[in-house]
Amino acid sequence: MIVMLWMTLTLLVPLLVGIPIAVALGGSGLIWLIALDPNYLRGVGHSIWNGATSEVLTSVPLFILMGELVQRSGLASRFYDAVSLWLRRLPGGLFHANIAATSVFSAVSGSSVATAATIGMVALPNLERLNYDRRMTLGSLAAGGTLGILIPPSIPLIVYGALVETSVGKLFMAALLPGIVMALIFSLYIAIKVLLRPGLAPRATGPGPTLAQRLTSLGQMAPLLLVVVVILGGIYLGWTTTTEAAASGTLVTCLMALVQGRLRWAMLRDSLVSAIRFTSMLMFVIFGAQVFSFAVFSWGITGEMGRWIGGLDYPPLAILMIILLIYLVLGMFIDALSIMIMTLSILYPIILQLHYDPIWFGVVLVLLLEIGLITPPVGLNLYTIQALQPGRVAMKEVSLGAFPFVLLLLAGVALLIAFPDIALWLPRQMF
Amino acid sequence: MESVEAKADPRFAWFERASFWIAMASCVLLLLFTLAEIAARPLGIQVYVGGEYNSMLMGWLIFFALPVVTRARQHLVVDFFNAMLGHRGRAVISWLGALIMVIYVAALLYFCAKLTLQSWNNNIRTQGILRTPVVWPQLGMVLGLLLMWISSVIVLLGETRDLFRAADRGARP
C-alpha cells in the first residue's frame, strides 16, 4: 500500500508540474521497475511493441480521419441547417437543433472538441442573429459537444476497450442508448426551461417550411445519416470489425463529399495530417501508461489492491461512488483520455473485484469524463466554444451556461447506476 | 482542431517531414488494405495483407509521426498549475520537461532496439499465413524513435536558449 502511494506521488508530482503526461507515466514506470529489479526492464520493449501493434487501436486513426473529413467537407454544417428546419418550431427552437446536430455529428466523429467546434461554428451566428439567450446558447453547444465521446464511435471507448481487453463493438452498442437518452434529457431540459421562461428563445413565426424545403433538407441530412448507418449497422450486425467499420465510414464520407462536389486534395491531406498527429500523440501516452501499468503489475499492486478492497467493510456502491468522485475531481484538471489511460491500471481491477460489468463501467466512465469537458478550470469544450468568438465571450458565461448540463450528466450517471440495462441491453442483443 | 503546419513549416527538419510522409503513407495503406479486405469478402477471396500488415502499419504510423509531434510540442500536458507560474517558472518547467523527454526517449530507443535485435537473432516471424519477419516493422519503430530522439534534442536546445533568455530578462533591472 505504501509503495502504491509513493508510486502515485512520483506520477502526480511531475504530471501536475507540467511534464508531458506520456513522459511522467513512462518515466515513473521505468524508475519503479529499476527499483524492483532491473531485469524487469526487458519487458518494456515488448510493452511498447504490443501497444503499437494492437489490432483494436488500428481503428483510431481511421475514425479520426473520418471525423475530420466530415468536418472539413461541410457535411456537418449542411446537416445542422437541415435539422434546424425541422426543429425550430419546438419550444426551444434552434437549441434542439444544437443537441440533435451534435448527437449525429458525434456518431461520425468520436471527438468532443471537434463536435463542439464544428456545430458551434455554424450554430453560433444563427442563434445570435435570432436573439437566442446567449448563456443557454453557449451552454447547449458546449454540452452537446460532450456527446462526441459517448455516442459511438468514441475514441475513449476504443482506448478503454484496448486497455481492459473488452469488445469495442459491445462498448459502442452499450454507449448508444445512454447517448440517445442523454440527448433526450438535454432536449427535455431545454424545452421545459423555455416553456417556463419564453424569453430564452424566440418563437418561430410566419409560415412553416414548404414540402419542397422539407424534402431538400432530407437530402441534406441523408449523407451523414448514411455514414452513421454504415458504421453502427456493420458493427451491430457483426458484418464488420471496428476497424473495418471505420474504413467503410471513411470511404462513404469521401464518396458523399465527392457527390456534393466538396472533395478536395487539400482537404484530404489536412484531414490525414490531423488524424495522424492526434493518433501519434495519443499512442505515445498509451505507451507511457503501459510501462506504468507494467510496473504496477510487477510490484503486485493490482492483487494487493484487490485484497484490500475485498477486506473493506463498505458496500460495493460506496466504493464505486468514491471511484466516481475521484474521476469527477480529476476530470476538472486533466483531459478525459489522459485520465482514463493513467488510472485504469489501478482502478479497473477494483471494479472487477466489486463485480461490476466492464462494459457498463466503460460507459459510466465516459459519461463522467464528459462532465470534465464542461467544468472549469480545464473544460476543453468550454475553451472551444469560447475560442469560436475570441474576445467576445467570457469563460464565466460559457461555464454558467454549461452548469445545468453538468447536473444533467450527473443525473445520467445516477440513471445508469440505477438501471444498468440502459447500457447493457443492446450489447446483449448483438451478434 | 489542430493546425497542419507540419506540411510546410520551415522549422521542421527534412528528416521530420520525410518521416511524417512515411506515417501518412502508412495510414493510407492501412485504409486501403482494410477496404480491400471488406470488398474481397463477398467474393470469397481472402486478403492476407490487411490482417497481417495493418498492425505493423499502425506501428509505423505512430512512430514516424512522433518526430513532428515532438517538435511541434504537441505532447499532452497538464498545464493548469503550470499556467499559474511566472514566465521564468514556466521556462524552467519546459526545459525540465524537454530534458526528461530526451532521457525517456533514449531509454525507449534502447529497449526497442534491443527487442529488434532479439527478433533478428531469433528470426521471429508473424503468426499469420505470410509469416513476415517481425524485424522489418520493428526497424521502423526503432528508426522513428531515433528520429524522435533527435527532434527532442533539438527541442531541448531551443528550451535551453529560452531559459537563458528568461534568466537574462529577470536579471535586467
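Reader: Is Arg165(B) buried, partly exposed or exposed?

Author: This is a predicted model, and the answer rests on a computed accessibility. Arg165(B) has a relative accessibility of 46%. Buried would require under 20% and exposed over 50%, so Arg165(B) counts as partly exposed.

Reader: With which residue does the side chain of Arg165(B) meet in a salt bridge, and how far apart are the two in helix H4 of chain B?

Author: The partner is Asp162(B), with 3.6 Å from N to O. Asp162(B) is itself partly exposed, at 32% relative accessibility. Because the two residues are three apart in helix H4 (residues 135–171) of chain B, the separation of Asp162(B) and Arg165(B) is about one helical turn.

Reader: Which residues are joined into one network by salt bridges that share partners?

Author: One of the pairs is Arg134(A) with Glu128(A), whose closest N and O atoms are 2.5 Å apart. Arg134(A) is partly exposed at 26% relative accessibility, and Glu128(A) is partly exposed at 26% as well. The network formed through shared partners consists of Glu128(A), Arg134(A) and Glu397(A).

Reader: How many salt bridges are there between chain A and chain B, and which side chains meet?

Author: Side chains of opposite charge can pair when their charged atoms come close. Over all chains the count is nine salt bridges, while between chain A and chain B it is one. Its N to O distance is 2.3 Å, and the side chains are those of Glu244(A) and Arg41(B).

Reader: Is Glu244(A) buried or exposed?

Author: Arg41(B), the partner of Glu244(A), is partly exposed, with a relative accessible area of 40%. Glu244(A) has a relative accessible area of 6%. The limit for a buried residue is under 20%, so Glu244(A) is buried.

Reader: What is the area buried between chain A and chain B?

Author: The contact takes 59 residues from chain A and 58 residues from chain B. Carbon and sulfur atoms give 78% of the buried area. The area itself is about 5,300 Å².

Reader: Which element gives the most residues to the side of chain A that touches chain B?

Author: There are six residue pairs in polar contact between the two chains, both residues being at pLDDT 80 or more. The elements giving two or more residues to this side of chain A include helix H1 (2–17), helix H12 (242–259) and helix H13 (265–298). The one that gives the most, with 17 residues, is H13(A).

Reader: Which residues of chain B does Met281(A) contact, leaving aside its neighbours within four places in sequence?

Author: Met281(A) lies in helix H13 of chain A. Its relative accessibility is 10%, so Met281(A) counts as buried. With those neighbours left aside, its contacts are Val69(B), Gln74(B), His75(B) and Leu76(B).

Reader: Which backbone oxygen does the side chain of Thr253(A) reach?

Author: Thr253(A) is found in helix H12 of chain A. At 1% relative accessibility, Thr253(A) counts as buried. Leaving aside neighbours within four places in sequence, Thr253(A) is in contact with residues including Met66(A) and Val227(A). At 2.6 Å, its side chain reaches the backbone oxygen of Gly249(A).

Conventions. Residues are numbered from 1 along each chain as its sequence is written. Chains are lettered from A and ligands numbered from 1 in the order in which they are written. This is a predicted model: local features need pLDDT of at least 70, side-chain atom pairs count only at pLDDT 80 or more; totals for chains, interfaces and linings use all residues. Side-chain values use heavy atoms; hydrogens and water are left out. Contact means heavy atoms within 4.5 Å. Buried area is the accessible area (1.4 Å probe) that two parts lose on being put together, summed over both. A salt bridge is a side-chain nitrogen of Lys or Arg within 4 Å of a carboxyl oxygen of Asp or Glu. A polar contact is a pair of N or O atoms within 3.5 Å; within protein, one must be able to donate a hydrogen and the other to accept it, and residues adjacent in sequence count only if both atoms are side-chain atoms. Helices (H or I, at least four residues) and strands (E, at least two) are DSSP runs, numbered from the N terminus. Buried means under 20% relative accessible area, exposed over 50%, partly exposed in between (1.4 Å probe, protein chains only).
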